[in-house]
Amino acid sequence: MATGKIASFRLPPLPTIGEIIKLYKLRAEKQLSQNFLLDLRLTDKIVRNAGSLKDSYVCEVGPGPGGITRSILNAGITQLLVVEKDTRFIPGLQLLAEAAPGKMKIVHGDILTYKMERAFPKELQTEWKDGPPNVHIIGNLPFNVSTPLIIRWLENVANKTGPFFYGRTQMTLTFQKEVAERLIASTGSRQRSRLSIMAQYLCNVKSCFMIPGRAFVPKPKVDVGVIHFTPLMEPQINQPFKLVEKVVRCVFSFRRKYCHRGIAILFPESQRKELTDQMIDVADVDPLLRPVELSIPHFRRLCDAYGQLCAEHPHLFTYNFREELRQKKLSRNKMQRKVKHIPD
Ligand code: SAM
């Protein structure tokens with residue numbers, strides 16, 4: 001008869017991350033912005049900030065030499081899937097997988113193309129209105145990957161696809177300090193930007209803690225922020241992601257000007273004045289507020305008003321201000337060439 005508690009899993013003694021780096025000659029590739037975390041107290045802290053991982057299914061993106069991977073394996077998880085692009089790290093990760101029999105799967109691939117909806121058993125899926133599923137994403141990725149990736153994952157949140165096929169999957173990710181600050185920036189703050197609105201209208205975004213650059217090997221030029229995302233039960237803006245993205249992008253195109261300046265570029269020149277006034281009027285937003293002063297409810301009303309105008313004028317949504325400028329410039333150049341009798 002079994003007595004007492006079943007001991008939870010702990011990794012057996014292993015070479016240190018520093019020794020793994022030497023053993024497999026894992027020199028960080030500066031061009032790929034590889035910066036490693038060797039301090040297991042820090043990697044444990046990142047993993048603790050993901051919440052309880054007991055019996056959970058975790059996807060770690062960019063495990064590299066495996067510091068965070070070790071902390072995840074020691075956190076009582078059921079299964080860990082790691083997605084690593086750089087072949088050099090695979091043998092070191094295999095060593096970890098052997099030390100945690102049946103717990104760890106390694107995918108040698110690119111997280112930007114990996115189909116996360118097939119990663120874990122379908123049975124883990126929960127209703128969106130229920131609590132988050134037992135699925136987590138954790139990662140310390142290069143900065144040039146983490147920003148496009150979070151935009152893609154936010155679109156997945158809006159469409160309940162990719163990692164959000166399972167429900168409101170939580171993510172704990174690192175970003176360079178400046179991006180981390182934008183993600184959490186509140187109305188009126190200097191760091192308020194497109195990223196603040198896109199993240200906060202879909203997720204509860206929490207700053208966990210900052211890691212000084214000196215904690216990484218090699219040391220990056222900037223400090224790093226650990227950010228935790230939990231998708232909201234109800235998005236704060238109920239319009240398609242691409243529409244919200246367009247409104248927010250245009251408004252922040254002129255971040256130091258009054259917001260009507262950015263709103264205006266949503267519309268072709270021929271209807272600009274009339275439709276800008278109409279949108280501001282319907283949204284009931286003060287046109288003299290600066291983009292950073294607009295709250296999410298302001299953006300909700302602006303997106304609803306723009307959605308209404310797009311329904312009335314079907315060509316509007318595909319209108320692109322930069323393209324109109326480019327076309328104008330082209331025809332001006334053509335005219336000038338004609339005047340000077342220069343052939344095309
Ligand atoms: N997680 C490790 C740590 O904290 O020490 C390594 C961090 S290093 C900043 C980023 C890791 O992500 C590298 O191992 C790199 O090869 C990997 N990586 C970069 N781009 C990737 C991508 N598109 N898909 C999967 N892994 C990627």
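Reader: Where does Arg27 lie in this predicted model?

Author: The model is predicted.

Reader: Which helix supplies the largest share of the side of domain 1 that touches domain 2?

Author: The domain assignment gives domain 1 (17–231) and domain 2 (241–338), with centres 35 Å apart over C-alpha atoms. In the contact between them, 13 residues of domain 1 meet 11 residues of domain 2. Helix H5 (143–159) and helix H7 (194–200) each supply at least two residues of the domain 1 side. The largest share, four residues, comes from H7.

Reader: Within what arc do the buried residues of H8 fall, seen down its axis?

Author: Helix H8 covers residues 241–252 and reaches 16 Å from its first C-alpha to its last, close to the 16 Å expected. Its buried residues include Val244, Val247, Val248 and Val251. In an α-helix, residues three or four places apart point the same way, because there are 3.6 residues a turn. The buried residues of H8 line one face of the helix, since they fall within an arc of 165 degrees.

Reader: Against which helices do the buried residues of H8 pack?

Author: Cys250 is one of the buried residues of H8. The packing partners of this buried set are H7, helix H9 (259–264) and helix H11 (296–312).

How values were computed. Residues are numbered from 1 along each chain as its sequence is written. This is a predicted model: local features need pLDDT of at least 70, side-chain atom pairs count only at pLDDT 80 or more; totals for chains, interfaces and linings use all residues. Domain bounds come from an automatic or database domain assignment. Two residues are in contact if their C-beta atoms, placed from the backbone, lie within 7 Å. The expected span of a helix is 1.5 Å times one less than its number of residues. A residue is buried if 20 or more other C-beta atoms lie within 10 Å of its own, exposed if 12 or fewer, and partly exposed in between; C-beta atoms are placed from the backbone. The arc is that of the directions from the helix axis to the C-beta atoms.
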